[in-house]
Amino acid sequence: MSKGLLISGVFLSLAVSGCNVTKPSEKALSHLSTSYAIDEIGYCYGHGCQHKGQVSLSEGQWHEVQKLFKARELSPVEERQAITVAIGYIERIAGQQNGTDKDKAGTFISDVGDRQLDCIDEAVNASNFISLMERDGLLKYHALQEPQLRSWVSGNILHATAVLEQVSEKENNKTSMWSVDSSFFKNGENATVSPLDQWQTGWVPEGGVN
């Protein structure tokens with residue numbers, strides 16, 4: 001997430017509590033969907049979920065998501081990559097339906113107005129998209145966890161990400177945590193995936209806007 005003079009109320013409330021914060025506020029987390037169909041997916045925009053929209057996928061559009069996971073047997077790495085592609089695909093549809101198709105990489109972009117997404121919006125939306133994949137039984141190796149934050153890394157303000165946990169039965173149920181971040185690039189681009197501990201150190205993908 002880029003530096004800026006404007007900090008959403010979500011971030012401000014988190015910042016005053018110090019750098020030990022590990023997840024977004026309860027207000028932001030309240031926008032995580034708990035039950036829905038493919039034609040009723042919760043969608044945040046306007047910084048810190050100030051605006052709540054909805055994404056409605058047709059059966060044909062959801063079939064395109066399913067194909068990413070069912071076309072062949074996937075490894076854990078390939079499953080994560082399929083998730084990032086699916087998020088980009090759903091985000092393009094969300095942008096057309098909610099007027100956020102001009103959402104730019106990063107957060108504090110003045111010329112997009114309230115149709116710009118910040119990293120809280122992105123983390124909640126990505127989590128909702130992944131949750132739908134999980135509910136449909138598309139994920140074999142990963143389970144969705146609550147979004148997490150990194151704070152004041154390299155001078156940057158708080159930044160949020162969706163989180164996956166991988167459990168490998170072949171390795172005595174050892175787990176690993178992964179960041180799935182859709183905020184580094186513009187609307188409709190694939191999300192990025194990286195080890196959560198690497199992301200926590202301030203990781204930014206090549207060409208991405210923090």
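**Strand S4 and its surroundings in the predicted model**

Strand S4, residues 159–168, is mostly covered, with eight of its ten residues buried. The model is predicted. On one side, S4 pairs with strand S3, which spans residues 142–150. The two strands run in the antiparallel sense, and seven bridges link them. Leu 164 of S4 is the bridge partner of Leu 144. S4 also pairs with strand S5, residues 174–181. This pairing is antiparallel too, and seven bridges join the strands. Here Ala 162 has Val 180 in S5 as its bridge partner.

These strands belong to a chain with six helices and six strands. Along the sequence, the elements follow the pattern α-α-β-β-α-α-α-β-β-β-β-α. The protein chain has 210 residues, and buried residues make up 50% of them. Contacts across the sequence were also examined. Of those between residues at least 6 apart in sequence, 61% join residues at least 24 apart.

The side chain of Gln 166 makes a polar contact with the side chain of Trp 178, at 3.4 Å. Neighbours within four places in sequence aside, Gln 166 is in contact with Pro 76, Arg 80, Tyr 141 and His 142, and also with Lys 174, Thr 175, Ser 176 and Trp 178. Two residues in this set, Arg 80 and Trp 178, also interact with each other: the charged end of Arg 80 sits over the ring of Trp 178, 3.6 Å from the ring centre.

The charged end of Arg 150 sits over the ring of Trp 199. The distance to the ring centre is 4.6 Å.

The structure holds two aromatic pairs. In one, the ring centres of Tyr 43 and Tyr 45 are 6.2 Å apart. Their planes meet at 35°, so this pair is tilted. Both tyrosines, Tyr 43 and Tyr 45, are buried. The other pair is formed by Phe 184 and Trp 203 and is edge-to-face. Its centre-to-centre distance is 5.9 Å, with 85° between the planes. Phe 184 is buried, with a relative accessible area of 0%. Trp 203 is partly exposed, at 22%.

One disulfide is present in the structure. Such a link is a covalent bond between the sulfur atoms of two cysteines. The disulfide joins Cys 44 to Cys 49, with an S to S distance of 2.2 Å. The torsion about the S-S bond is about 95°, so the disulfide is right-handed. Cys 44 has a relative accessibility of 0% and counts as buried. Cys 49 is buried as well, with a relative accessible area of 5%. Another cysteine, Cys 119, is buried with a relative accessible area of 1%. Cys 119 falls in helix H5, residues 119–135.

Asp 114 was examined next. This residue is found in the loop between helix H4, residues 76–98, and helix H5. Its relative accessibility is 38%, so Asp 114 counts as partly exposed. Asp 114 touches Tyr 45, Gly 46 and His 51, residues up to four places away in sequence not being counted. Tyr 45 is the residue already described in the tilted pair with Tyr 43. Asp 114 and Asp 103 are eleven residues apart in sequence. In space, the distance between these two aspartates is 9.6 Å, C-alpha to C-alpha.

Key. Residues numbered from 1 in each chain as written. Predicted model: local features only at pLDDT ≥ 70, side-chain atom pairs only at ≥ 80, totals over all residues. Heavy atoms only, no water. Buried < 20%, exposed > 50% of the residue type's maximum accessible area, 1.4 Å probe, protein only. Helix = DSSP H or I, 4+ residues; strand = E, 2+ residues; numbered from the N terminus. Pairing = 2+ DSSP bridges. Polar contact = N/O pair within 3.5 Å; in protein donor to acceptor, adjacent residues only side chain to side chain. Contact = heavy atoms within 4.5 Å. Disulfide = S-S within 2.5 Å. Phe/Tyr/Trp six-rings, centres within 6.5 Å; stacked < 30°, edge-to-face > 60°. Lys NZ or Arg CZ within 6 Å of the ring centre and 35° of its normal.
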